[in-house]
Amino acid sequence: MTRVDDKETEATGTVLDVCRAAGADVPTLCFDERTGGAGHCRACIVEVDGRFVPACTTPCRSGAVIQTTTPALTAYRQDLCELMLVEAAPRGAAAALCAEAGATGARYGTPHRSERHDESHRYLRLDLSACIKCRLCEGACDDIQGQHVFAFAGRGIDTTLTWGPGAFDDTACVGCGACASVCPSGAITDVDRLRAEAVTGAGAATRTVQTTCGYCGVGCQLDVTASGDEVVQIEGTRHAAANDGHLCIKGRYAHKFVRHPERLTTPLIRKNGKLEPSSWDEALALVASKMLEHRGHVAGLSSSRCTNEENYLLQKWMRAGLGTNNVDCCARVCHAPTAAGMRRVFGTGAATNSLKDIAKADVLLVAGSNATAAHPVTGARLKRAVGHGAALIVIDPRATELAQIADVHLQLRPGTNTVLLNSIAAALFDEGLVDRDFLALRASGVAELEAFVVQYLPERCADVSGVDAALVRKAARLWGTARRPLSIHGLGMTEHYQGSEGVMLLCNLAVLVGGIGRDGVGINPLRGQNNVQGAADMGCQPDSLTGYIPLSQAEHVAAIWGRPIPTDAGLTLPRMYQAAVRGDLRALFILGEDVVQTDPAAHVDEALAALDFLVVQEIFLSKTAERAHVVLPGACFFEKDGTFTNGERRVQRVRQVVPPPADARADWQILVDLMNRTGLPQHFANPAAIMDEIARVSPSLRGVSYARLDDDGLQWPVPMADHRGTSILHTTTFAQPTNAGRAPLQRVLHEPSPALLRAAPGSLLLITGRVLEHYNCGTMTRRTDNAVIVSDDALDIHPDDAFDRGVDDGAVVTLTSPWGTTRARAHLTSDVKPGTVFLSFHFPETDTNAVTSDVLDRLADCPEYKLTPVVVAPISDLSETTR
Ligand SMILES: Nc1nc2c(c(=O)[nH]1)N[C@H]1C(S)=C(S)[C@@H](COP(=O)(O)OP(=O)(O)OC[C@H]3O[C@@H](n4cnc5c(=O)[nH]c(N)nc54)[C@H](O)[C@@H]3O)O[C@H]1N2
Ligand SMILES: Nc1nc2c(c(=O)[nH]1)N[C@H]1C(S)=C(S)[C@@H](COP(=O)(O)OP(=O)(O)OC[C@H]3O[C@@H](n4cnc5c(=O)[nH]c(N)nc54)[C@H](O)[C@@H]3O)O[C@H]1N2
Ligand code: SF4
Ligand code: SF4
Ligand SMILES: [Mo]
């Protein structure tokens, strides 16, 4: 029993933990539970058994007598604050502490403060005259974000925070805002925080609502502060499982699009070739009549940017209302190969473990995922794990940020995953590193695989994959001797001709070393969009229903819906395009997906032109919406209620913060209206009621209801109402009923992409993908200050390749592939190997997908965005531009 002031407590930990448990209010300035106590600031000094100690760093002895408010402590704190005021003129929490302690700054004479200011960054503001040298910013940047921007220079009273001699904007800062978020003195702050202070300073009311980030599949929890109908400031929710308070530059700062004047605010109908504003009634009546007119020849494309409830409604409308399984979503162009590949080996297609497991792994394998750009909060977790001693293997043709801190970087030729992963398997067998006990219990096809992969021994494959055999063996040894091997993968695995097969081989590697079914291991695809996991869970695919119920077992769903469900599989997205060109598909309803910019033009252009009727439900007039016959204005994620499911299967609440602009409506309301107008009456009063129906339909969400999601959501499967969710899958058996619950190991022969057969002489291999600041088609991030930070898609090209072609840094070049041509500004960098180039696809002007090929993953129909042979030429070379 320990005594804190006049209370007794059983609590243990540091003196600070014990004081807080006992309800004592001990001030802290430099303490953050994520990075631990540092004891720099001395604000938390208390008396333990009569001695002054810093509470945040002192372990508490059981039986100690702690006092937090003696006269001596009060005097000490006052003096501490007086000293602080010599060095700094703080604002915020530090200023409040000084005021409370009665410090005036007069006791020690002339102030001695740094006057360094910096406003070079788009979002961050630095003013060292306020800095109290608590070092929280340094800890946040080093340990939470892993960016190492700050240091402390000088000694004694001359110690100052520094980011090097230049402008702050020239540092390695990635704008995550963690430093500003922890700074207690106002020395580091950001434009949104200053705005929030100005709003409250002016006496305006604000409110703060917790919701889920609508950009990527990490599913960070946001505390959004709004005033009136404006989003003012965003902070990461502390203790949230997905992000523990951390955010990235998009989630924290890229919200200006919400009140952008180009938001769609009223329905539009094409009249005489032009989109004209219309009433809701006219637009909905037209959509309903056209969809009914083309019954039998319609399709729906759902949006992984929208909520589960909205995705559920869209596929229910298509199936029960319009009698077709022609429904798909962006998972098709993304992780459909992951689902197909993982299902083949494990029986189910979702991430096997949780994000928190990254910290438990001792060997991390990151394959084709640029996590620090595309899933930045998870990327930061990975960097932190490496900083805390985990080994890292990266498989990527580019020297990504993670590759640069990896123990082994396997810089393969794009399109050779199947070779390289077979090679690692071969080395595992060859060096006796497979887990025979695990395999005996949980796998089949072991001997067959062992014999098969001999042809892929590292020494035999270096020419094809471009990776040195010794490096492959080094990776295999790390992986094979790991106690907790965990793999993360992205689109570098899936968006290939053999995407699904590559994922199967990644599954092989996990099974071979027993790395599945427990803490800190597993296969963890970083699902891309905020709700792409959910869109698939809701049934937005042509071959299975909500909860992955096969079409052949639709009776239970049909009973709930009160309608028959067609049993023939519908069309995948690329096949919808083909059907449109053939004339078999006449009307297409697209919910929030900009296919014109994000699908290979080789598929889309002709198909959309061939349709009789195209509806696009959007928040901006995207390139696709520009082509529609009717445009319906939806509400963005800040403007509606619902749920998103992140990449670790966590269903989380989305809560309305501000109203939709003008006449725009929540997407679920528009869908309910359309269902009612097409003969499928729906009576949902709110999204919670839709979730109640989803729970009745989907076995893995049976125990989900809004009331249960409030605290950190739930990871499915949640099979009943008192179930606490599932953080690890496949703990004892795989969902392989016809294989005695064992994982069938896969033998996959490498086959080069057919795209390569069409390469023109002198072609480079184009990889397309993402940058940190922008998001997919860019409708949202391009309408924020992120577009000032990155204002175009640049072509990364190796200096040797650039030299050979007479291309200077910054020059505009043409890219010509067998499928099309486009232009981009060249950026010379050795992050790409000679022979490969990289281009993002966030700006419509660049039209990256004019050049990408029409090749699809042969099992899941995902386009091969990661491998297109292109001829790169300077713009002055007329023979190239006139081609
Ligand atoms: N900032 C930002 N974040 C995003 C998005 C965004 O647009 N911007 N989009 C979201 C979406 S929808 C998704 S799906 C995710 C995607 O997230 P990621 O999958 O991480 O993103 P990409 O940049 O497309 O590609 C990942 C990596 O694959 C590598 N690669 C290319 N070819 C090969 C290959 O043959 N083998 C291997 N092993 N690697 C290869 C590329 O070099 C690249 O580094 O990001 C999500 N998050
Ligand atoms: N070259 C190349 N192309 C690619 C890829 C690549 O790596 N390379 N990656 C592919 C991948 S993985 C993906 S997932 C796709 C993504 O491609 P898309 O899904 O087309 O892109 P997004 O920008 O995520 O969002 C689509 C649209 O949703 C709208 N939207 C956002 N929120 C809402 C909402 O709440 N309601 C409504 N109604 N609309 C909303 C946005 O304005 C946007 O126009 O791109 C693919 N295209
Ligand atoms: S914003 Fe993030 S990366 Fe930049 S200095 Fe602060 S903590 Fe470091
Ligand atoms: S990591 Fe993803 S979910 Fe988290 S704040 Fe950034 S964009 Fe949003
Ligand atoms: Mo994606």
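A polar contact here is a pair of N or O atoms within 3.5 Å; within protein, one must be able to donate a hydrogen and the other to accept it, and residues adjacent in sequence count only if both atoms are side-chain atoms. This is a predicted model, where local features need pLDDT of at least 70, side-chain atom pairs count only at pLDDT 80 or more, and totals for chains, interfaces and linings use all residues. Residues are numbered from 1 along each chain as its sequence is written, chains are lettered from A and ligands numbered from 1 in the order in which they are written, and side-chain values use heavy atoms, leaving out hydrogens and water.

**View 1. Polar contacts of ligand 1 with Asp-396, Arg-398 and His-774**. Oxygen atoms of ligand 1 sit 2.6 Å from a side-chain N or O atom of Asp-396 and 2.8 Å from one of Arg-398. A nitrogen atom of ligand 1 is 2.5 Å from a polar backbone atom of His-774. On its own ligand 1 exposes 920 Å², and the protein buries 99% of that (Shrake-Rupley method, 1.4 Å probe).

**View 2. Helix H9, residues 308-321**. Helices are DSSP runs (H or I, at least four residues), numbered from the N terminus. In H9, 14 of its 14 residues are buried (under 20% relative accessible area, 1.4 Å probe, protein chains only). After H9 comes Gly-323, with a positive phi near 70°.

Note on methods: Helix = DSSP H or I, 4+ residues; strand = E, 2+ residues; numbered from the N terminus. Expected span 1.5 Å × (residues − 1). Buried < 20%, exposed > 50% of the residue type's maximum accessible area, 1.4 Å probe, protein only.
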